[in-house]
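Colleague: Please take one part of this model and go through it closely. I would like its strands and its contacts treated together.

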Amino acid sequence: MWQTNLQQLARDHLLRELSIMDSACSPVMSLNGQQTLLFASNDYLGLANHAYLKQAAVRAMTQFGIGAGASRLISGTLTPHHDLENTLAEFFETEAALTFNSGYAANIGIIPNLIAPEGLIFVDRLCHASLIDGCRLSRASLRVFRHNDIDHLQSLLAKHSRKGPVLIVTEGVFSMDGDLAPLPELVRLAEKYDAILLVDDAHGTGVMGTTGRGTTEHWGVYSDKLFHMGTLSKAIGTSGGFISGTKECIAYLINTARSFIYSTAPPPAMSAAAQAAIHLIQEQPERRTRLWQNRERMQQSLTGMGYQLTKTESPILPIIVKDPRLAITMSQHLREKGIYIPAIRPPTVPKNTSRLRVTVTAEHSMTQIDTALEAIEQIGQALKII
Ligand SMILES: *Cc1c(COP(=O)(O)O)cnc(C)c1O
């Protein structure tokens, strides 16, 4: 059965394979021995290979070893885990925070505890697979609303929300489109219908808001109804997921979130590195300034060339080409020219919306951006996309 599946995927130009990078994550990477400009990572602030984080990790590794040795509730909670959670709580100005092994683990651990099986979940159509999986694990009924369509959500809420607890799920910055959820309106609906609103800010953390606290800061929203989770693996440059909230909420999740309870604690060095990253984000706001300058340049140039981008408002700049084969061809041609931009195809994105997902970081130089732009323009012209 799986052979046929693979053949079918290949025929549909949807087969995916791993590209092996033989260097650390940075704007210039080595791919099969070839120097390649990377416009693909989510390392928005260029922290994944930063010396300050590596030093913090080495110090923690020397003191606390490699593995945590047990789950958090057994003997796996080491000082670096505790310190990171305090730092996150301070950064997000909440009473407490809780970390998980990944953003994926956070979502599948959190969602089933925000809603009962007899409840009802409303989820944006473009939400990340980890959110969908968390919703499914909750066994609550699931309703999908059109992407960022407040009127559609409101009509569904009006029709269905009378019977039990309600959860609305969205992303602060949508991972494959780079656009923002209208959080003020979502908060208003959550309050009106007495629903909980979960915002997955995987791509907003460190990127959005004047101090990098994410989309809630960007929009200036605050509500008892709003739960805010994120990941440490994108702009924070490390690995892991988190949720920030009240002491009571965190105590509840410590006792109920299965992906937290039944999984070995993260490597202590990773937590120490993440804590260092939060400090750096606070100390060096100029990183975010550079990120946004790079983002503006890339976005304006791509649009100027005649490319159709999504309604992005973030450093994620997807070029819509629709046809998966065209997306692959473009990505391959770029790769031959030493530029790595991945083709994103279904099932990651809806049918007929295949795209090249360009991401920029604070570490890209103007020269690197201009080199990529020149190649993207040439290929678009050669393939008659622009
Ligand atoms: C990447 C991502 C996750 C998963 O985070 P990891 O730390 O990589 O597991 C969750 N939600 C969204 C929206 C993401 O983009």
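Modeller: Two strands are taken as paired if DSSP finds at least two bridges between them. The model is a predicted one. By that rule, S12 and S13 are an antiparallel pair with 2 bridges. Within this pairing, isoleucine 344 stands opposite arginine 355 of S13. The sheet to which they belong is open and has 3 strands, in the order S10-S13-S12, with antiparallel pairing. S10 and S12 (343–344) are its edge strands; each has a single partner strand, so one side of each is left without a neighbour in the sheet. In general terms, the strands of a sheet pair through backbone hydrogen bonds, in a parallel or antiparallel way.

The part to look at is domain 1, which comprises 16–44 + 285–382, while domain 2 covers 51–283. The C-alpha centres of domain 1 and domain 2 are 27 Å apart. In contact across the boundary are 23 residues of domain 1 and 25 residues of domain 2. The area buried between the two domains is about 1600 Å², and carbon and sulfur atoms supply 58% of that area. On the side of domain 1, the residues that lose the most area to domain 2 are Tyr44, Arg288 and Glu313, which together account for 31% of what that side buries.

Next, the polar part of the boundary. Between domain 1 and domain 2 there are 11 residue pairs in polar contact, with both residues at pLDDT 80 or more. The salt bridge count between the domains is 1. Arginine 355, the residue opposite isoleucine 344, has its side chain in a salt bridge with that of aspartate 177, at 2.9 Å from N to O. The elements that give two or more residues to the side of domain 1 touching domain 2 are helix H13 (286–305), strand S10 (316–322) and strand S13 (354–359). H13 contributes the largest share of that side, 5 residues. By type, the residues of that side are 10 nonpolar, 5 polar and 8 charged.

A further pair of strands remains. Strand S1 (residues 28–31) and strand S2 (residues 34–38) run antiparallel and are joined by 4 bridges. Serine 30 stands opposite glutamine 35 of S2. S1 and S2 make a hairpin with 2 residues between them, and asparagine 32 in the turn has a positive phi of about 50°.

Note on methods:
Residues numbered from 1 in each chain as written. Predicted model: local features only at pLDDT ≥ 70, side-chain atom pairs only at ≥ 80, totals over all residues. Heavy atoms only, no water. Domains from an automatic or database assignment. Contact = heavy atoms within 4.5 Å. Buried area = accessible area lost by both parts, 1.4 Å probe. Salt bridge = Lys/Arg side-chain N within 4 Å of Asp/Glu carboxyl O. Polar contact = N/O pair within 3.5 Å; in protein donor to acceptor, adjacent residues only side chain to side chain. Nonpolar A, V, L, I, M, F, W, Y, C, P; charged D, E, K, R; others polar.
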